[in-house]
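Biologist: I have not looked at this one before. Can you put it up and take me through it?
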2 protein chains.
Amino acid sequence: MPKKPAFERRSACPLNASVEMLGDRWSLLILRDMMVRGFSTYNEFLSSHEKIATNVLADRLKRLEESGIIASKPDPSDGRKLIYSLTPKGIDLAPVLAEMVLWAARHEKTGNQALIRQLKSDKAQVITHVRKLWAEKHRTA
Amino acid sequence: MPKKPAFERRSACPLNASVEMLGDRWSLLILRDMMVRGFSTYNEFLSSHEKIATNVLADRLKRLEESGIIASKPDPSDGRKLIYSLTPKGIDLAPVLAEMVLWAARHEKTGNQALIRQLKSDKAQVITHVRKLWAEKHRTA
DNA sequence: TAAATCACTTGCGGAATGCAAGTGAAATAT
DNA sequence: ATATTTCACTTGCATTCCGCAAGTGATTTA
């Protein structure tokens, strides 16, 4: 018998797939912290300015991992810690994040003007930078 | 006295602003229906394959309008109908939607291969097309 | 050996969601 | 003119999700 999928999407639309994986108030912020701030542990994510609740953070990390967007492995130098990292699928979200940042910067009053200036002047280069950064992390990790 | 803002963002981060306006399971799908399917009324949105609940749809339309992403006006030829349209701010979300569609298409099994092929071959042109379509709608509306 | 730190889990009240049914105004059919 | 249908919503209710505070067990540091 053919194996049934573990869950059903509401539709086959690719945008719906994205929304089901990322459409909530926290997932993209966690990915932002990984991409632009280089965060990789539970406590680092907790320290972010938006103050995610501990149970919600645990849940989002689990979901992102189940979606194949991030991966986790124990820290070899500290058995209590887990190191979360972006998978290639997660790194591939850089253009989505970049466009969302640029859109908000265009239409809302926001901070982080440094990043915005960088994105405006060369979006492609910023994205390449994220890719390189995480390629290195994977090698040394 | 300086007027207090009607609500507070969790942070000044531009990505957080985007997530607060669009980070839920329905808002982006409504915008997709407007952009790629040309939908403009409550019943059209209801007819979408993902089956949004009526109260949630009413709430999301209200929020999107409050955020300045869409606008509404009564249909001159039918007093019961409201016609929803994308504002320039809303049209400006086309690159965000495009990147989300491309990401999902790259990493998930999805439908709507026609749109994906179009986006892959010329993303900029598809976005220009959306702009032109809605510029016309605004003129004739 | 005791205290801190790590990544969580649990319990609880309130908010958001999904579903079914209802509402009132305007349009259409008879 | 009246009845029915269509339109954009509201309302009520059960379930799920969320934020917050507190606790847990494993590991590490003092």
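This is a predicted model: local features need pLDDT of at least 70, side-chain atom pairs count only at pLDDT 80 or more; totals for chains, interfaces and linings use all residues.

Biologist: Start with one chain. How many helices and strands does chain A have?
Modeller: Chain A has seven helices and two strands. Along the sequence the pattern reads α-α-α-α-β-β-α-α-α.

Biologist: And what does the C-alpha trace of chain A span along its principal axes?
Modeller: About 55 × 45 × 30 Å.

Biologist: What share of chain A counts as buried?
Modeller: Of its 141 residues, 36% count as buried. As for contacts between residues at least 6 apart in sequence, 43% of those in chain A join residues at least 24 apart.

Biologist: Which residues are buried in helix 2 of chain A?
Modeller: They include A:Leu28, A:Leu29, A:Ile30 and A:Leu31, and also A:Arg32 and A:Asp33.

Biologist: What follows helix 2 of chain A?
Modeller: A:Gly38, which has a positive phi, near 75 degrees.

Biologist: What rotation superposes chain A on chain B?
Modeller: One of 180 degrees, with 0.0 Å of shift along its axis and an RMSD of 0.0 Å. The two copies are thus related as by a two-fold rotation axis. The same surface serves both copies, since 100% of the contact residues of chain A recur in chain B.

Biologist: How many residues are in the largest nonpolar core?
Modeller: It has 73 residues. Those with the most contacts inside it are A:Leu15, A:Leu97 and A:Val101, along with B:Leu15, B:Leu97 and B:Val101.

Biologist: Pick one. What does B:Leu97 touch?
Modeller: Leaving out residues up to four places away in sequence, B:Leu97 touches A:Leu15 in the other chain, and B:Leu28, B:Leu31, B:Arg32 and B:Met35 in its own.

Biologist: Change of topic: the strands of chain B. In which sense do strand 1 and strand 2 pair?
Modeller: They pair in the antiparallel sense, over six bridges. A hairpin of two residues joins strand 1 to strand 2. One of the bridges has B:Pro74 with B:Leu82 as its partner in strand 2.

Biologist: On to the DNA. Which residues come nearest to DNA strand C?
Modeller: Of the 20 residues around it, A:Thr41, A:Tyr42, A:Asn43, A:Thr54 and B:Gly79 come nearest. Helix 3 (42-46), helix 4 (54-66) and strand 2 (78-86) of chain A each supply at least two residues of the surface near strand C, as do helix 4 and strand 2 of chain B. Helix 4 of chain A gives the most, with four residues.

Biologist: What classes are those residues near DNA strand C?
Modeller: Six are nonpolar, seven polar and seven charged.

Biologist: And which are closest to DNA strand D?
Modeller: A:Gly79, B:Thr41, B:Tyr42, B:Asn43 and B:Thr54, out of 20 residues that surround it. Here the largest share, four residues, comes from helix 4 of chain B. The classes there are six nonpolar, seven polar and seven charged.

Biologist: Last one. Where does A:Asn112 lie?
Modeller: In the loop between helix 6 and helix 7 (113-140) of chain A. The phi of A:Asn112 is near 55 degrees, a positive value in a residue other than glycine. A:Asn112 has 19 C-beta neighbours inside 10 Å, so this residue counts as partly exposed.

How values were computed: Residues are numbered from 1 along each chain as its sequence is written. Chains are lettered from A and ligands numbered from 1 in the order in which they are written. A residue is near a molecule or strand if its C-beta atom, placed from the backbone, lies within 6 Å of it. Ala, Val, Leu, Ile, Met, Phe, Trp, Tyr, Cys and Pro count as nonpolar, Asp, Glu, Lys and Arg as charged, and the others, Gly among them, as polar. Copies are superposed by least squares on the C-alpha atoms of residues with pLDDT of at least 70 in both. Two residues are in contact if their C-beta atoms, placed from the backbone, lie within 7 Å. A residue is buried if 20 or more other C-beta atoms lie within 10 Å of its own, exposed if 12 or fewer, and partly exposed in between; C-beta atoms are placed from the backbone. Two strands pair if DSSP finds at least two bridges between them. A nonpolar core is a set of buried Ala, Val, Leu, Ile, Met, Phe, Trp, Tyr and Cys residues joined through C-beta atoms within 7 Å.
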